Amino acid sequence: MAQSGQDAFFEPWRDQASAIGQAVFKNTEMTNLLTAVDDKFNATATNNPQFSGKKALLLSGTIFRDRVQARTGWHTEFLTQLGFTVPDVPATIPRDQMASVLDSADVLIWTTESAEERDRLLADPTIAQLRATTMNRNFFTTKELAGAIAFASPLSYPVVADQLPALLALPPA
């Protein structure tokens, strides 16, 4: 199935899911799955009013070539559904801008896959001095949650809706 844009595999998940549902003659079933995902996120937002209006950034779990990757656009739609505000930030944040950009958020969600990745981030001098670090507002995902966020589908987002609020309710790392 061809992509509608020029970026293969990076089309908004809803568009992909809808196209797949139509292609396999299961449009009603896919529409029901999409509605179920929306309902799950909306219920989670209702049950977690503390998320409302908080600024959250979704970040890669590593620093690569002295840069942090921020997830932007449709990749963060689920955070907005949960009640968060996602600040407009560049997709790639160089080290000399990390403090100013990352400190613009109340919550930093790092898509880490291991305790080693978390520890490397916290040991980085720039990350160590961030307001999120000093105020304990860094949150580090598990490998499963990072995968569910990255996969961005009607099958993975229920995992995100279940696990992310529980992670954010824990004392931060």
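1. The model is predicted; local features need pLDDT of at least 70, side-chain atom pairs count only at pLDDT 80 or more, and totals for chains, interfaces and linings use all residues. Residues are numbered from 1 along each chain as its sequence is written, and side-chain values use heavy atoms, without hydrogens and water.

2. Confidence is given as pLDDT (the predictor's confidence in each residue, from 0 to 100). The chain's mean is 88, and 88% of its residues reach 70 or more. Helix H1 (residues 13-23) is lowest, at a mean of 69. Strand E3 (residues 92-94) is highest, at 98. Helices (H or I, at least four residues) and strands (E, at least two) are DSSP runs, numbered from the N terminus.

3. Helices H2 (residues 27-47) and H9 (residues 157-169) pack at about 10°, axes 9 Å apart. Axes are lines fitted to C-alpha atoms, for helices over the stretch in contact, and angles run from 0 to 180 degrees between N-to-C directions. The pair is therefore roughly parallel (angles under 35 degrees).

4. In H2, Val-37, Lys-40, Phe-41 and Thr-44 meet H9 residues including Tyr-157, Val-160 and Asp-162. Contact means heavy atoms within 4.5 Å.

5. Helix H8 (residues 143-151) gives the largest share of the second largest pocket's lining, 3 residues.

Key
Angles under 35 degrees count as roughly parallel, over 145 as roughly antiparallel, 65 to 115 as roughly perpendicular and the rest as oblique.
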